[in-house]
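Please consider the sequence and the structure shown below. The explanation that accompanies them is meant for a reader who meets this chain for the first time.

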Amino acid sequence: MPRTELDLVSLLMKIVARETGEISKVDYTPQKKAFNALAFPDETRLERATPESQGVSSAFFARLIRDLAADNESRIHRFMALRHGKVIAECSFEPFDMDMWHVTYSMCKSITGMAIGILIDEGKLKLTDTLQDIFGARMGLFNSFKKQVTVRNLLNMSSGVDFNEAGAISGNDWRKSFFEASFKFDPGTKFEYNSMNSYMLSAIVTEITGQTLFDFCKEKIFNPMGIKRVFWESCPQSITKGGWGLFMRIEDMAKMGQLYLQDGKWNGQQIVSRQWVVESTALQIETQDEDNQHYGYQMWINNDRKGSFAYNGMLGQNVFVYPDINMVVVTNAGNKDVFQTSSMAQLIRKRMKSEIEVFDEPLPEDEASLSELKAICKSVSLRIPRFPAIIRGGWESRNVSMTTGSSRRTDHSYYKKRFDSPLTSTRNEDQLINTFLRRMSGNKYDIETPGVGLFPIMMQVVHNNFTDGIRSIGLRYTDDRHLYIDVYEGEVIFRLKCGFGDKRYISDLNMHGENYKVSLHSAVTRDEYNRLVLRNDIYFLEEACLRNFNIYFEDDGRIEIRLSETPGTDMLMNAMRNVRAETSGIESTIISKLLKGGMKEALEHAVKNTVQPVIYGTLSNPEFIMPTDEEK
């Protein structure tokens, strides 16, 4: 088994064992800064227009957005559509907004490909250059790297190098590990998706220019296009990750697609040559994947329409480009999508392939359809209380008793049914809940189960930022009827402001020096044992992850906390299934025997308990007063 996979197994087992702190072999350094909500003076916005003015019907987008909202599996965060370079439809789905940046995952590979294209345009690099040509003496020490890997091999994912994504947790020197790796097949003979190919493209940019890929892109691409609020993570040796780690606003993602529709030109400036645009979006290799059969240079080639292609990142980060109708469709999401196979991606691709009608000339303005489109967009974003035309599907309507002191019926059908057994929505019941929460205000509970963190496991692994474990939970109910959950994790306190009903608040969390924004959707319900439950969906607004954090209150003053996350168990199990046991290694042997033997259920149970843990807390402050029967 390759060393990187052994490292992956070791990390996964540490996670399952609930070890905390810096548990990977990669040194941790905080990188991510807080998102700046204020636009820069030289940041440019795309022009807005009605769909009809660009030859498309508003009714088409009204139906599409309605259906995306109604799809339980979609978990879409943002949607934007361009025609002729103008935004003709856009909306965010609560609690997200259109302006904040979002993790892009592998979507950024296409931008890495642009940077390589620019170096080729400038005569500083050739497709036929090999890693030996580029890195020279740096590679001379690694005699095992005997096959000739070209820039082209990296671009079209055919390097054959057996150093893959697991390398991101295997150590600090990723270039060295790449050069020391063995080969699974001869370069250029087969497609195998490998994010470390993209990382090496980033390393090539640094080797040639002396700049990080991020700085190079800021100079050559982002700044000329008015893209200012963007951030790209780097490896421990300060090389931009290249294949992941980019945070970008959806409007700026749309610009990336529009740039290629305009043959690489932006505001009269040739950012990337037309030749590179044509070459990188043409079929360069067959993938042998039935769902996505064709690949270009760091770009997926779709058969949806003539010449269509996509910048794709997992969990729903997509830029779909349709040159024949001069359109771009962009999404952010948090679904189970890996390669444009989710119900969200399939719905959009089907509609854009066979149902959309476009015209070269403007259509007569359709005020009724445009009003419906605007109303639906406002409804899914909770900018208005509800839009009655959305009558079914998605998250079911429900009655929710809130700590706001008032009774309200929410009927947003784009919600999934998150909260079971809701309390009867009456003013009297609300008042009892208010009284109960006030009585609990100031209570603090010591957590009995170590090693569980507030941040989803996927975020911890991707950002190499691991939990110190929740120590305590505190509750504060303020005079202005706001409930706060204080999560004591390690040496810090995460202060979460609950949002009931249509109310949403943003809380800023600092995880070991990195800043993340979250928003809570909260409700007070009772479970089947008549326990009072404070239920919370914690949305990480810059990420594709959702954390469920539900607190059950016992009569004796103890609490039970159930956590889950999306994406969850399936992703962690798949990571373990992909581990090979071709060579020795105690961790790989254990995993292999568990998966292939009669202990598969035991492993799945352990993983489920890791992703969906149940922890308990004991009241630590003695001044607790037991609620009366009426308050319970």
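For the protein chain the mean pLDDT is 85, and 82% of the residues reach 70 or more. Over residues 579-591, however, the pLDDT is below 50, although this stretch has 28 contacts in the model beyond near neighbours in sequence. Residues 624-632 likewise stay under 50 in pLDDT, and for them the model has 18 contacts beyond four places in sequence. Where pLDDT is low, the predicted coordinates should not be read in detail.

Attention may now turn to helix α2, which comprises residues 58-70. From its first C-alpha to its last, this helix of 13 residues reaches 18 Å, close to the 18 Å expected at 1.5 Å a residue. The N-terminal end of α2 is capped by S57, of which a side-chain oxygen lies 3.0 Å from the backbone nitrogen of A59. How much of α2 is covered? The helix is mostly covered, with 10 of its 13 residues buried. Among these buried residues are F60, F61, L64, I65 and L68, and R66 is also one of them. The elements that cover the buried residues of α2 include the strands β1 (76-83), β2 (86-92) and β13 (327-333), together with the helices α12 (343-355) and α13 (367-380).

Two of these covering elements, β1 and β2, form a hairpin with 2 residues between the strands. The strands run antiparallel and are joined by 6 bridges. Within this pairing, A81 stands opposite A89 in β2. In the hairpin, H84 takes a positive phi near 55°. Strand β2 is itself mostly covered, since 5 of its 7 residues are buried.

A disulfide is a covalent bond between the sulfur atoms of two cysteines. With a cut-off of 2.5 Å between cysteine sulfur atoms, the count of disulfides comes to 0. C91 is in no disulfide, and the nearest cysteine sulfur, that of C377, is 4.2 Å away. C91 counts as buried because its relative accessibility is 3%, under the limit of 20%. C108 is in no disulfide either, and the nearest cysteine sulfur, that of C217, is 9.4 Å away. The relative accessibility of C108 is 0%, and this residue therefore counts as buried.

Beyond β2, the loop between β2 and β3 (102-103) contains F96. This phenylalanine has a relative accessible area of 2% and is therefore buried.

Another loop residue, S170, has its place between α6 (151-155) and α7 (174-180). S170 counts as buried because its relative accessibility is 4%. A polar atom of the S170 side chain lies 2.9 Å from the backbone oxygen of G167.

Strand β23 (residues 546-553) and β24 run antiparallel and are joined by 8 bridges. N548 stands opposite S564 in β24. The hairpin of β23 and β24 has 5 residues between the strands, and here G557 takes a positive phi near 95°. Strand β24 (residues 559-566) has 7 of its 8 residues buried, so it is largely enclosed by the rest of the structure.

Strand β24 is also paired with strand β25 (residues 614-619), to which 4 bridges join it in an antiparallel arrangement. Two residue pairs illustrate this pairing: E560 has Y616 in β25 as its bridge partner, and I559 has G617 in β25 as its bridge partner. Strand β25 is in turn joined to strand β16 (residues 444-447) by 3 bridges, and these two strands run antiparallel. There, the bridge partner of D446 is T618 in β25.

Conventions: Residues are numbered from 1 along each chain as its sequence is written. This is a predicted model: local features need pLDDT of at least 70, side-chain atom pairs count only at pLDDT 80 or more; totals for chains, interfaces and linings use all residues. Side-chain values use heavy atoms; hydrogens and water are left out. pLDDT is the predictor's confidence in each residue, from 0 to 100. Contact means heavy atoms within 4.5 Å. The expected span of a helix is 1.5 Å times one less than its number of residues. Buried means under 20% relative accessible area, exposed over 50%, partly exposed in between (1.4 Å probe, protein chains only). A polar contact is a pair of N or O atoms within 3.5 Å; within protein, one must be able to donate a hydrogen and the other to accept it, and residues adjacent in sequence count only if both atoms are side-chain atoms. Two strands pair if DSSP finds at least two bridges between them.
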